[in-house]
Amino acid sequence: DVCSSDLNRRKNQVALTFHGAGDIKTATDILAAVKDLKTPITVMAVGNWLNANPTIGKEILTAGNDLGNHTYSHQAMLHLNYKAANTEIAKGKEMIIKSVGSGQKYFRPSGTPKSNSIIRKAALANGYSNCITYDVDTLDYQDPKPSAIISNCMGAIKNGSIVSLHFGHKNTVTAFPKLIEEINSAGLTPVTVSNLLS
């Protein structure tokens with residue numbers, strides 16, 4: 001599992017990653033804020049969400065963000081056998097290719113912050129050499145107040161952190177501009193996962 005990179009400790013960089021699923025309006029609202037704030041993000045997209053919203057993948061990439069595979073239907077992957085895990089990853093990749101023309105290079109397992117040997121084997125079989133995890137969980141999917149999303153993040157974030165956020169939650173949209181302000185005030189710069197790990 002790839003989380004934070006010691007190579008980037010001196011760069012004061014962090015990556016904000018979004019689980020790509022849920023109400024499309026919250027996604028477009030976040031993407032508008034990302035553009036206004038000049039703050040690139042990484043979207044780990046669920047395949048059936050990309051399929052239901054066929055233009056969003058290209059919108060994400062065109063705006064200078066990263067796009068990754070977060071499986072096809074967001075099952076609890078720790079409970080899947082190899083065949084089922086492989087199917088989830090392969091179908092997710094298929095939807096990304098359909099959406100943007102290539103499978104992209106990052107994969108995040110669903111339903112777990114950490115992979116296991118079965119998930120890693122299936123990921124590798126689909127061309128993903130790393131499973132991207134996170135060390136900062138904002139818990140925004142539980143719909144806390146925007147102030148709690150910010151405090152959950154700022155209480156744990158450090159150089160090289162990868163932060164977990166979610167589309168589909170209005171309080172995340174509300175919290176986002178203030179969260180970026182707080183991150184910048186802490187001397188950290190949000191970048192894509194590609195840049196963080198480069």
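Buried means under 20% relative accessible area, exposed over 50%, and partly exposed in between, with a 1.4 Å probe and protein chains only. Cysteine 131, at 5% relative accessibility, therefore counts as buried.

This is a predicted model, in which local features need pLDDT of at least 70, side-chain atom pairs count only at pLDDT 80 or more, and totals for chains, interfaces and linings use all residues. Residues are numbered from 1 along each chain as its sequence is written, and side-chain values use heavy atoms, with hydrogens and water left out.

1. A disulfide is a covalent bond between the sulfur atoms of two cysteines. The rule here asks for a pair of cysteine sulfur atoms within 2.5 Å. The count by that rule is 0 disulfides.

2. Two packed helices are described by the angle between their axes and the distance between the axes. Axes are lines fitted to C-alpha atoms, for helices over the stretch in contact, and angles run from 0 to 180 degrees between N-to-C directions. Helices (H or I, at least four residues) and strands (E, at least two) are DSSP runs, numbered from the N terminus. α1 (residues 24-37) and α7 (residues 170-185) have axes 9 Å apart, at an angle of about 10 degrees. The pair is therefore roughly parallel. The cut-offs: under 35 degrees is roughly parallel, over 145 roughly antiparallel, 65 to 115 roughly perpendicular, and the rest oblique.

3. Residues of that contact. Contact means heavy atoms within 4.5 Å. α1 supplies Thr26, Asp29, Ile30, Ala33, Val34 and Leu37, while α7 supplies Lys170, Thr172, Val173, Phe176, Pro177 and Ile180. They divide into 8 nonpolar, 2 polar and 2 charged. For these classes, Ala, Val, Leu, Ile, Met, Phe, Trp, Tyr, Cys and Pro count as nonpolar, Asp, Glu, Lys and Arg as charged, and the others, Gly among them, as polar.

4. Helix α6 against helix α7. Here the axes are 8 Å apart and the angle is about 40 degrees. That makes α6 oblique to α7. On α6, the contact residues are Pro146, Ile149, Ile150, Cys153 and Met154; on α7, they include Asn171, Thr172, Lys178 and Glu182. By class, this contact has 8 nonpolar, 3 polar and 2 charged residues.

5. Helix α4 against helix α5. The axes of α4 (residues 82-100) and α5 (residues 117-125) come within 9 Å and cross at roughly 45 degrees. This pair is oblique. Its crossing is right-handed. Tyr82, Ala85, Asn86 and Ile89 of α4 meet α5 residues including Ile118, Ile119 and Lys121. The classes are 8 nonpolar, 1 polar and 1 charged.

6. Positive phi. Most residues other than glycine have a negative phi, and most peptide bonds are trans. Threonine 71 has a positive phi, near 75 degrees. It lies in the loop between β3 (66-69) and α4 and is buried at 0% relative accessible area. Leucine 139 also has a positive phi, near 60 degrees. Its loop runs between β4 (136-137) and α6 (146-154). Leucine 139 is partly exposed, at 28%.

7. Histidine 19. Where does histidine 19 sit? Its place is in strand β1 (residues 13-20). Leaving out residues up to four places away in sequence, histidine 19 touches Met44, His70, His74, Arg108, Tyr134, Ser164, Leu165, His166 and Phe167.

Conventions. Left-handed = near helix turned anticlockwise from the far one by under 90°.
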